[in-house]
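I opened this model to look through its helix, its sheets and its core. My notes follow in the order in which I looked things up.

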Amino acid sequence: MIHIDRLERYWLIAVGIVFGGFTAALLASVFVFGIRLPSPVGRIDPAKIDQTEFATPGLTEEFDGNYTLRIVAKMWSYDLGKNVEKEGSIPVITVPTGSKVTIKATSKDITHGFYLEQHDVNVMMLPGQISQVEVKFDRPGKYHIICHEYCGPGHQGMIAAILVQ
Ligand SMILES: [Cu+2]
């Protein structure tokens, strides 16, 4: 039998408890709370973006209360479609309270970010990659979309908003 010092044994037990706790939290987040990491759902040629579903970005109602919002990021703005309202230079998309929106996002040029205020949305927008995330808008309010990947001199002005009412 190997001799393990008393203090060493305590540390081994402590490490076991911490490791077990982390493993339990990880498994619970996946199987109990259904948390999934945002993953790319497709690839496109960023040079031929006009021949893809992103040729006409913006909000489309798929069926009752279910929408798809296609967003194209470029230096240094978010393209939310032609008919979008603007507040100054900030495009604002309006959705009814309670709607479920599938956001599909990509970039035309370089890496941008997509962070949605007060919602569990934080994805990267990469040229050639389609990022997808589903959001349920239960609370009325105005939520800003902010670029969180430094993308050049106009980065701080890369803002859009979703108005839920
Ligand atoms: Cu940026």
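**Entry 1, a leucine in the helix.** I began with leucine 26, which sits in helix H1; helices (H or I, at least four residues) and strands (E, at least two) are DSSP runs numbered from the N terminus. The model is a predicted one, in which local features need pLDDT of at least 70, side-chain atom pairs count only at pLDDT 80 or more, and totals for chains, interfaces and linings use all residues. I count residues from 1 along each chain as its sequence is written.

Is leucine 26 buried or exposed? Leucine 26 has 11 other C-beta atoms within 10 Å, so I noted it as exposed. The cut-offs are 20 or more other C-beta atoms within 10 Å of its own for buried, 12 or fewer for exposed, and partly exposed in between, with C-beta atoms placed from the backbone. I also took the C-alpha distance from leucine 26 to lysine 142, 116 residues apart along the chain, and got 32 Å.

H1 covers residues 6–31, which is 26 residues. From first C-alpha to last, H1 reaches 37 Å, close to the 38 Å expected at 1.5 Å a residue; the expected span is 1.5 Å times one less than the number of residues.

The chain is divided into domain 1 (1–35) and domain 2 (40–164), with bounds from an automatic or database domain assignment. The centres of domain 1 and domain 2, taken over C-alpha atoms, are separated by 40 Å.

In what order do the six strands of the open sheet stand? I read the order as E5-E6-E12-E11-E8-E9, with mixed pairing; two strands pair if DSSP finds at least two bridges between them. Strand E5 (85–87) and E9 stand at the edges with a single partner strand each, so one side of each has no neighbour in the sheet. On average, neighbouring strands of this sheet are turned by 25° against each other, direction ignored. The axes are lines fitted to C-alpha atoms, for helices over the stretch in contact, and angles run from 0 to 180 degrees between N-to-C directions.

I then went through the pairs. Strand E6 (residues 90–95) runs parallel to E12, joined by four bridges, and threonine 94 has leucine 163 as its bridge partner in E12. E11 and E12 are antiparallel over six bridges, with histidine 144 partnered by alanine 161 in E12. E8 pairs with strand E11 (residues 141–146) in the antiparallel sense over two bridges, and there tyrosine 115 stands opposite isoleucine 146.

Strand E1 (residues 40–43) pairs with E10, antiparallel, over three bridges. Arginine 43 has glutamine 129 of E10 as its bridge partner. E7 also runs antiparallel to E10, with six bridges joining them, and alanine 105 stands opposite serine 131 in E10.

Which members of the largest nonpolar core touch the most other members? They are Ile71, Tyr78, Ile103, Ala105 and Ile145, out of 28 residues. The elements giving two or more residues to this core are strands E3 (66–74), E7 (100–107), E8 (112–116), E9 (121–125), E10 (129–136) and E12 (159–164). E3 gives the largest share, four residues. A nonpolar core is a set of buried Ala, Val, Leu, Ile, Met, Phe, Trp, Tyr and Cys residues joined through C-beta atoms within 7 Å.

Not counting residues up to four places away in sequence, isoleucine 71 touches Pro57, Tyr78, Asp79, Leu80, Ile103 and Ala105; contact means that C-beta atoms, placed from the backbone, lie within 7 Å.

Isoleucine 49 lies in the loop between E1 and strand E2 (58–63). Isoleucine 49 counts as buried because it has 21 C-beta neighbours inside 10 Å. Its contacts, leaving aside neighbours within four places in sequence, are Ile44, Phe54, Ala55, Val72 and Lys108. Isoleucine 49 and lysine 108 are 7.2 Å apart, C-alpha to C-alpha, and 59 residues apart in sequence.

Methionine 75 and tryptophan 76 are joined by a cis peptide bond, with omega about -5°. Tryptophan 76 is in the loop between E3 and strand E4 (77–79).

Glutamine 118, in the loop between E8 and E9, has a positive phi near 60° although not a glycine. I noted glutamine 118 as exposed, because 10 other C-beta atoms lie within 10 Å.

Methods: Contact = placed C-beta atoms within 7 Å.
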